[in-house]
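Here is a short report for a first look.

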Amino acid sequence: MTDDAVLVVGAGPVGVLNALGLARAGVPVTVLDRAPGVNWSPRAAIYHWAALDGLDRLGVFDQAAARGFLKQDYEYRAYRTGERVRFGLDSLDGLVDRPYNLHLGQGALVQLALDELAGYGTARVLWEHSVVGLVQDDTGVTVTAQTPAGTETFRAAWAIGADGASSAVRKALGLPFEGFTWPERFVATNIHYPFAEHGFTQSTFIVDDVHGAVIAKLDDTGGTGLWRYTYCESQDLPEEGVLDRMPRFHEAVLPTPDEVEVAEWAPYRMHQRVAPRFREGRVLLAGDAAHVTNPSGGLGLTGGLFDTFVLQEALAAVVHGTADESVLDAYSRERRRVFVEMVDPAATAIKRMIFHSADPEQLERDMAGLRRLASDRDALVERLMATKRMETPSLVAAR
Ligand SMILES: Cc1cc2nc3c(=O)[nH]c(=O)nc-3n(C[C@H](O)[C@H](O)[C@H](O)COP(=O)(O)OP(=O)(O)OC[C@H]3O[C@@H](n4cnc5c(N)ncnc54)[C@H](O)[C@@H]3O)c2cc1C
């Protein structure tokens, strides 16, 4: 049994960045993860401009920008009509410090945060530690983990459950995960293909009820660069047939499908779910453990990052005795409110537009809205600012 100020369960981006913030604030922290190392499967790739200031405050923005790249352009293509609408984040030039999105694989973000964390003697990350139990009392939290050396217990004053959508921490707290699971399967493919030669912007949305797709450049490797191509299909189709069906999706959209080289792919179930509260005594939930959304608008991890920016700061202040525990209730209340009122409806609306635009009249209304954004800078700025409103201002500085 070891004793730390904070135990973090989960070494995904939310767990590791919370640990990094705590370590920087002088709070001893241990991170437990059931995996043998960083998860490199194709998941988050795009970080909205509004999340970049927070990454900078955590001291990882410069490395993240150096490993990934910054981009401003968007294009929406209506598959059935061929119409294309383009606009860019350059409309934010002069209005915000970072008027661009960051493209970077989620695994790379975790790796660079781990590299930073390794510089703190008061922080450690223990892989192959699968949390199977959690109890708490008035002074702390005791976590049980299965490890290659057998069952071990860890004790800390506080714990953060950042162990993803199927969170063992949330289950140990007895909290339900209210919401629903979508009937579609998302298939994320990382492919090499000369998108730029064929006129694709670095973020392109194909709007269609069959061939809808989100396309985003990930890096410059392999001559063409590596790109993420995500489409969706019915969850009723057998998962073992995904690879056989995959060429049909690429062929429908890409002019020279023979050039597609699939580097990686993964199928995902999608959900809209949220825990009833993000604090239970001495345990906090953050990221996918607290709320999950379909990833059409790139808002899943964005929400987890916004949790992180306020949680690690508030918890460090509580540990140091400079803030009252009530800031943690404010964390729970505010971050849940933002998910329910903003993230959940926005991500649901984006999924409907991109992947379910079968009705021609609805498609025309959607494209008219996009045309307006392309021609009316004020309207575009207003839309882009919506992501910033999903961020919670510091809960400590406000007191
Ligand atoms: C195809 C796809 C594309 C996406 N694209 C984007 C995007 O562009 N932008 C965006 O913002 N979001 C995106 N998302 C969402 C994003 O991937 C998630 O929101 C993000 O992974 C959440 O991070 P997390 O750290 O909360 O959880 P996770 O990344 O799930 O990490 C949880 C960690 O906990 C560990 N763990 C689980 N159970 C235990 C246990 N019992 N004991 C110990 N450790 C445990 C796991 O091993 C894992 O390392 C996408 C998701 C998908 C599926």
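A residue is near a molecule or strand if its C-beta atom, placed from the backbone, lies within 6 Å of it. Around the ligand there are 36 residues, and Gly10, Gly12, Gly164, Gly287 and Gly300 come nearest. Helices (H or I, at least four residues) and strands (E, at least two) are DSSP runs, numbered from the N terminus. Helix 7 gives the largest share, four residues.

The shell has 18 nonpolar, 13 polar and five charged residues. Ala, Val, Leu, Ile, Met, Phe, Trp, Tyr, Cys and Pro count as nonpolar; Asp, Glu, Lys and Arg as charged; the others, Gly among them, as polar.

## Basis of the model

This is a predicted model: local features need pLDDT of at least 70, side-chain atom pairs count only at pLDDT 80 or more, and totals for chains, interfaces and linings use all residues. Residues are numbered from 1 along each chain as its sequence is written.

## Glu128

Glu128 sits in the loop between strand 8 (123–126) and strand 9. Its phi is near 55 degrees, a positive value in a residue other than glycine. Glu128 counts as partly exposed because it has 15 C-beta neighbours inside 10 Å; buried needs 20 or more, exposed 12 or fewer, with C-beta atoms placed from the backbone.

Three strands form an open, antiparallel sheet in the order 3-7-4. Strand 3 (46–47) and strand 4 (69–71) stand at the edges with a single partner strand each, so one side of each lacks a neighbour in the sheet.

Two strands pair if DSSP finds at least two bridges between them. Strand 3 and strand 7 (residues 101–103) pair over two bridges. Tyr47 stands opposite Leu102 in strand 7.
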